[in-house]
Amino acid sequence: MGSRSGDLDPAIPLYMIRQLGIPAEEVDFILNQQSGLLGISGKNDMRCILQLDADKHINASLAIDMFVYRINTIVGSYIAVMDELDAIIFTGGIGEHATPIREKILEGFSLRLRIFIDEEKNQTLSSHGNEGVISHSDSETEVWVIPTNEEWQIAQQASKLLNQ
């Protein structure tokens, strides 16, 4: 998350409250509004973090590495229990637009899943906001970028509620 903590040892909030004397409301604020990418790099927008990383800010690099690591551990745990994998799909703001993040995430799976990215397609889809496959045809696992349409989804759900 941009400003929320990820997985957290449940003893940490209690330590913050009991040992450090931080009020529970402030612990809630810290963990939900001042952690995650923001807490590590000072920014919660991946575009800004990528720019900071290009400018060699070490905390930006750390934030990116931690973000990619966390995604790889989650996706890897799902892959470990699946019989087969048809595709990996990137969506949402970072998934749709952060080409270097997609590349870093896929590096962790490229050998095991035999994924080969078409760099030109990867760049083109990011800059145009289109849906499509960014993996080479010889990849064993397809990789897709699919733009979200949250407004449409909200409208569909609202319409469904109104028609009940």
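This is a predicted model: local features need pLDDT of at least 70, side-chain atom pairs count only at pLDDT 80 or more; totals for chains, interfaces and linings use all residues.
# Pockets and core, reasoned through

User: Which of them gives the most?

Analyst: Helix 5 does, with ten residues. The pocket volume is about 860 Å³.

User: What makes up the lining of the largest pocket, by residue class?

Analyst: It divides into 23 nonpolar, nine polar and four charged residues.

User: Why is M1 called exposed?

Analyst: Set the value against the cut-off. Exposed means over 50% relative accessible area. M1 has 58% relative accessibility, so M1 counts as exposed.

User: Where does M1 sit, and what does M1 touch?

Analyst: M1 belongs to the segment before helix 1 (11-18). Leaving out residues up to four places away in sequence, M1 touches G36 and L37. A contact needs heavy atoms within 4.5 Å. M1 and D28 are 27 residues apart in sequence, and their C-alpha atoms are 15 Å apart in space.

User: What makes S139 buried rather than exposed?

Analyst: The cut-off for buried is under 20%. S139 has a relative accessible area of 12%, so S139 is buried. S139 lies in the loop between strand 2 (132-133) and strand 3. Not counting residues up to four places away in sequence, S139 touches R114, I115 and F116.

User: How do you know that the buried residues of helix 7 line one face?

Analyst: Start with the list. T99, I101, R102, I105 and L106 are the buried residues in helix 7. Seen down the helix axis, these buried residues fall within an arc of 165°, so they line one face of helix 7.

User: Which members of the largest nonpolar core touch the most other members?

Analyst: M46, I101 and I115, out of 25 residues in that core. Helix 4, helix 5, strand 1, helix 7 and strand 3 (142-145) give two or more residues to this core. Helix 5 has the largest share, six residues.

User: What is M46 in contact with?

Analyst: Neighbours within four places in sequence are set aside. M46 is then in contact with L37, I64, F67, I94, A98 and I101.

User: Which residues line the second largest pocket?

Analyst: N44, D45, M46, R47, G93, I94, H97 and A98. M46 and I94, which are in contact, are both in this lining. Helix 4 (46-54) and helix 6 each supply at least two residues. Helix 6 gives the most, with three. By class, the lining has three nonpolar, three polar and two charged residues. The volume of this pocket is about 200 Å³.

User: How many helices and strands does the chain have, and in what order?

Analyst: Ten helices and three strands. From the N terminus on, the order is α-α-α-α-α-β-α-α-α-α-β-β-α.

User: What share of the chain counts as buried?

Analyst: Of 164 residues, 29% count as buried. For that label, a residue must be under 20% relative accessible area. The C-alpha trace spans about 55 × 50 × 35 Å along its principal axes.

User: What share of the contacts comes from residues 24 or more positions apart?

Analyst: They account for 52% of the contacts with a separation of 6 or more.

Key
Residues are numbered from 1 along each chain as its sequence is written. Side-chain values use heavy atoms; hydrogens and water are left out. On a 1 Å grid over the protein atoms alone, a cavity is a set of points where a 1.4 Å probe fits but cannot get out, and a pocket is an open set with protein on both sides within 12 Å along at least five of seven lines; lining residues have an atom within 4 Å of a point. Grid points are joined across faces, edges and corners, and a volume is the space filled by probe spheres set on the points. Helices (H or I, at least four residues) and strands (E, at least two) are DSSP runs, numbered from the N terminus. Ala, Val, Leu, Ile, Met, Phe, Trp, Tyr, Cys and Pro count as nonpolar, Asp, Glu, Lys and Arg as charged, and the others, Gly among them, as polar. Buried means under 20% relative accessible area, exposed over 50%, partly exposed in between (1.4 Å probe, protein chains only). The arc is that of the directions from the helix axis to the C-beta atoms. A nonpolar core is a set of buried Ala, Val, Leu, Ile, Met, Phe, Trp, Tyr and Cys residues joined through side-chain atoms within 4.5 Å.
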